[in-house]
Every structure is written in structure tokens, then in C-alpha cells.
2 protein chains.
Amino acid sequence: MQKALIVFSGGMDSTVALYDALKKYSHVETLSFHYGSKHNDREHEHALKTCNTLGVGNTLIDLGFMGQYFQSDLLKSGGDIPEGHYEEETMKSTVVPFRNGIMLSVAAGLAESREMSVLVLGNHYGDHAIYPDCRAEFIDPMARAIKAGTYAEVELHSPFCKMTKTDIAKRGAELNVDFSLTWSCYKGGEKQCGRCSTCFERREAFYDSGIPDPTDYLDKTDFEILREEYEV
Amino acid sequence: MQKALIVFSGGMDSTVALYDALKKYSHVETLSFHYGSKHNDREHEHALKTCNTLGVGNTLIDLGFMGQYFQSDLLKSGGDIPEGHYEEETMKSTVVPFRNGIMLSVAAGLAESREMSVLVLGNHYGDHAIYPDCRAEFIDPMARAIKAGTYAEVELHSPFCKMTKTDIAKRGAELNVDFSLTWSCYKGGEKQCGRCSTCFERREAFYDSGIPDPTDYLDKTDFEILREEYEV
């Protein structure tokens with residue numbers, strides 16, 4: 001069996017990817033990044049809770065240059081996080097240029113250094129609308145570049161590439177994921193806001209899958225009402 | 001005309017790539033990295049001399065995690081730099097896992113943030129022997145991943161991919177490159193050692209192209225004698 005390094009934010013997708021990986025690989029480690037986003041501290045705090053619960057190691061790598069030089073409202077150096085649904089044009093301001101490419105490249109180098117032969121990325125089908133570096137058109141050549149560019153021919157596995165976030169919530173429930181330990185909100189406040197694009201998507205995934213949402217959102221507006229407001 | 005970001009170490013190859021780019025693109029900037037190699041300070045000192053001479057901007061990005069977590073004798077955290085020719089098995093210890101993948105990914109994100117549409121990497125044919133992340137099998141899918149993973153569809157140009165280092169020296173001479181400002185030596189001492197794999201390759205490129213080598217090496221052994229010693 002293979003050793004796998006999971007790119008792990010502490011959000012729903014990568015947490016389900018981690019639980020899923022523990023079933024598939026002989027050894028699993030997680031890799032997280034600080035890249036200057038508004039919610040970095042909050043999501044890593046949650047990432048560590050999940051790792052500690054599962055007894056899985058975590059490496060935190062600093063990519064501070066992204067906060068310093070890159071343009072994105074997701075970053076502390078950027079503007080306010082817009083509210084609304086991901087599909088909207090305004091949400092593009094939260095894209096961090098080539099973030100997944102950078103994270104996967106660093107993960108490839110670390111995996112090669114640690115003699116691990118698999119990388120896992122929890123990107124999903126719904127990410128594709130605004131994130132160019134979540135699409136299969138990016139993932140497929142990136143996987144070939146990583147395989148060709150490492151002695152160990154490191155493989156990139158993207159188990160949710162053809163699944164929606166609702167499917168991921170269902171898969172997580174099957175795996176008994178503790179969703180209360182996951183963090184999504186881009187705003188990085190004391191509580192998850194419940195209204196930014198990623199909170200909306202998180203709530204939608206729970207709602208549509210029929211899985212109880214354990215999250216204590218700051219804005220407790222009923223999801224059906226929020227969905228009408230956002231006209232999705 | 002396009003704006004181009006050059007991945008720039010201050011060595012021979014990327015310096016010739018920079019001079020070459022100044023002929024081809026409307027605006028050129030350089031990007032250098034600190035990644036904890038033994039020769040990082042020395043090569044960046046030289047990189048800045050070339051940038052200042054040409055009036056070209058340079059951004060230095062810290063990838064300190066590589067020195068901290070990655071395994072390679074090229075790094076300060078690794079063992080001694082071996083002497084001899086690149087082709088030798090021992091030279092593999094100087095490969096930094098997926099270094100070019102990481103540098104190109106960061107460059108892609110920075111180019112997108114700065115609205116530059118081209119990346120230039122000065123990798124060459126001779127790099128392929130031991131570096132998996134210099135080969136066309138890596139460069140081609142990486143270029144596709146960068147194009148698909150950025151809104152601006154950033155292009156990766158690799159002008160020397162099918163050239164030898166001797167060809168690059170010739171191209172540099174045509175462009176009046178000041179080779180005395182370039183640094184190659186992996187050891188990072190006061191002077192370039194003249195005997196490590198990259199010094200050997202540098203000396204070989206000057207010797208074989210018939211271009212005078214302006215470098216004041218620590219070991220001044222005549223190149224023909226060194227070549228016999230190394231049995232190349």
C-alpha cells in the first residue's frame with residue numbers, strides 16, 4: 001500500500017478526503033499552508049483538532065509571499081469578502097492566483113523528500129465555476145507534471161473531482177466525519193459567518209444532502225430563506 | 001507585445017534568458033528565490049548586479065520551507081556538495097525535489113497578480129540527465145497546467161529546452177551578456193570553486209563554445225586537465 005500526503009485546509013472537503021485516505025493508504029500525513037488569507041488561523045486551528053482526533057501528523061508550511069505579493073480579496077492584504085453565491089462574477093475577487101498549483105507543487109516536493117508516493121487534493125466539481133485551478137483541465141496536466149518531475153513518480157489523486165459538495169457531505173457522513181471540527185468561512189471571525197460564498201456552499205451541501213449541519217453560524221437565517229435571498 | 005516574468009537565479013542560463021527576453025517582450029521583470037541552498041546568497045548578489053546593469057526589476061521570494069523540510073545536499077541543511085560531472089549518480093544528491101515545479105507555480109501566481117502573460121524558464125537540454133523537473137516530459141504538462149489554471153492563460157516559454165549549455169554560452173555572446181556578473185558554483189564560497197558539477201559544466205560551456213571564461217575560480221586547474229581527471 002502507498003503512503004499519502006493530504007493537502008489539508010481543515011475545511012469540509014479536505015477533511016472528508018483525509019477520512020477517505022485513512023481507508024485507502026498505509027500511512028497518511030497532512031500538509032497545511034499559511035498563505036496570508038483572512039481565515040488561515042481559524043482554519044488551521046480546526047485542521048489541528050481533526051488531526052489530533054485522528055492521530056494524524058500535520059506539517060504547516062508558510063507561504064507568506066502570497067499575502068505580500070498576490071492580489072486577492074481572500075488575503076488579509078485584499079478587500080472585503082463579498083457575500084453571495086460562488087457562481088457570481090464578484091466571487092472571482094476571492095480567487096488566489098494559481099493557489100492549488102503552488103500548494104500541489106510544494107506538496108510534491110515534500111512527498112518526494114519523505115518518500116511518500118501519493119498526493120491527495122479534495123477539490124470537487126462545484127469548485128470549477130470560478131476556480132481555474134480546480135478544473136480537470138488543470139488537474140490532469142498538473143498530475144502529469146508531478147509524475148514526470150519527481151524520481152518517485154508521485155501520483156496526484158483527486159477523489160472528488162467528479163463529485164459535488166453535496167456528494168462529499170454524504171461521503172463524509174458514511175465515514176462518520178466530525179463536521180463540527182471543520183471550518184469553511186472566508187471571513188475568519190470568532191464564528192463562521194453563514195453568508196459568505198463558502199459558508200453558503202457549506203450550508204447548501206448539508207441542506208441538500210439531508211445531513212444535520214452542526215455549525216453555530218453567526219447569522220442564523222434559515223437556509224431556505226437565504227437561498228431565496230441569493231436567488232440560487 | 002507581451003509582458004514577461006523571468007525565473008532568474010543569476011546563473012548563466014537565466015542571465016542569457018533575461019537578455020534574450022529583453023529583445024522579445026515589451027516589459028520584463030525577474031523573479032528570484034531564496035530556498036535555503038548553500039549558494040543562494042551568492043547567486044542573488046550576482047542576480048541583482050545583472051538586474052541593476054540592465055535596469056530590470058527583481059522580486060525575491062522566500063521559500064524557506066524547502067531548506068527546513070526538503071532533502072538535498074544543495075541545501076544548507078544537506079550534506080557536502082560532491083565534485084565531478086553532472087552525469088554521475090552521486091550528483092542526484094544535489095537535486096532539490098520538484099524545485100522547478102514550485103518556482104514555476106509561484107511565478108505563475110505572481111504573473112497573474114501582476115497581469116503579465118508570459119513566464120520564461122532558462123532550463124536546457126543538458127539539465128535533463130539528472131533533473132526530472134527540467135525535461136520536456138515535465139515542462140510540457142506544466143505549461144498546460146499553468147495555462148489552464150490561470151485566468152490570463154499564462155504561457156510558459158522555455159527558449160533553451162532543446163539547446164545545450166554550450167549553445168547558451170554562444171547565444172549569450174551574441175547578446176553581449178556580461179558573464180562576469182553570473183554565478184554558478186553550488187558551494188557558495190567567496191569565489192566559484194571551479195570543480196563542482198555546475199562549475200565544471202560552466203567551464204565546459206565556455207571551453208567548447210570558444211568564448212573566453214571571465215571567471216576567477218578558486219581552483220585554477222586548466223580545464224583540459226580537469227576534463228581528463230573527470231574522464232568525461
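Select Glu115(A). Is this residue buried or exposed? Glu115(A) counts as exposed because it has 10 C-beta neighbours inside 10 Å. The cut-offs are these: a residue is buried if 20 or more other C-beta atoms lie within 10 Å of its own, exposed if 12 or fewer, and partly exposed in between, with C-beta atoms placed from the backbone. Glu115(A) sits in the loop between α4 and β4 (118-120) of chain A. Its phi is near 55°, a positive value in a residue other than glycine.

A note before you go on. This is a predicted model, where local features need pLDDT of at least 70, side-chain atom pairs count only at pLDDT 80 or more, and totals for chains, interfaces and linings use all residues. Residues are numbered from 1 along each chain as its sequence is written, while chains are lettered from A and ligands numbered from 1 in the order in which they are written.

Now select Phe98(A). It lies in the loop between α3 and α4 of chain A. Phe98(A) also has a positive phi, about 55°, and is not a glycine. Phe98(A) is buried, because 31 other C-beta atoms lie within 10 Å.

Color chain A by confidence. Its pLDDT (the predictor's confidence in each residue, from 0 to 100) averages 92. In chain A, 96% of the residues score at least 70. The model has an ipTM of 0.92 and a pTM of 0.93.

Switch to cartoon view. How many helices and strands does chain A have? There are eight helices and five strands. Helices (H or I, at least four residues) and strands (E, at least two) are DSSP runs, numbered from the N terminus. From the N terminus on, follow the order β-α-β-α-β-α-α-β-α-β-α-α-α.

Turn chain A around. Its C-alpha atoms fill a box of roughly 50 × 40 × 30 Å along the principal axes. Buried residues make up 55% of its 232 residues.

Select Ala107(B). What does it contact, leaving aside neighbours within four places in sequence? The partners are Leu5(B), Val7(B), Leu31(B) and Leu119(B). Contact means that the C-beta atoms of two residues, placed from the backbone, lie within 7 Å.

**A surface spot on chain B**

Select Thr53(B), in helix α2 (residues 40-54) of chain B. Thr53(B) counts as exposed, because it has 10 C-beta neighbours inside 10 Å. Not counting residues up to four places away in sequence, Thr53(B) touches Asp178(B) and Leu181(B).

**Where the chains meet**

Show both chains. The contact takes 35 residues from chain A and 35 residues from chain B. Which elements of chain A give two or more residues to this side? They are β3 (57-62), α3 (64-69), α4 (99-113) and α5 (136-148). α4(A) gives the most, with 11 residues.

**The axis**

A turn of 180° and a shift of 0.0 Å along the axis does it, with an RMSD of 0.0 Å. Copies are superposed by least squares on the C-alpha atoms of residues with pLDDT of at least 70 in both. That is the relation of a two-fold axis. Last stop: select Pro141(A). In chain A, its C-alpha is the nearest to the axis, 2.4 Å from it. The same surface serves both copies, as 100% of the contact residues of chain A recur in chain B.
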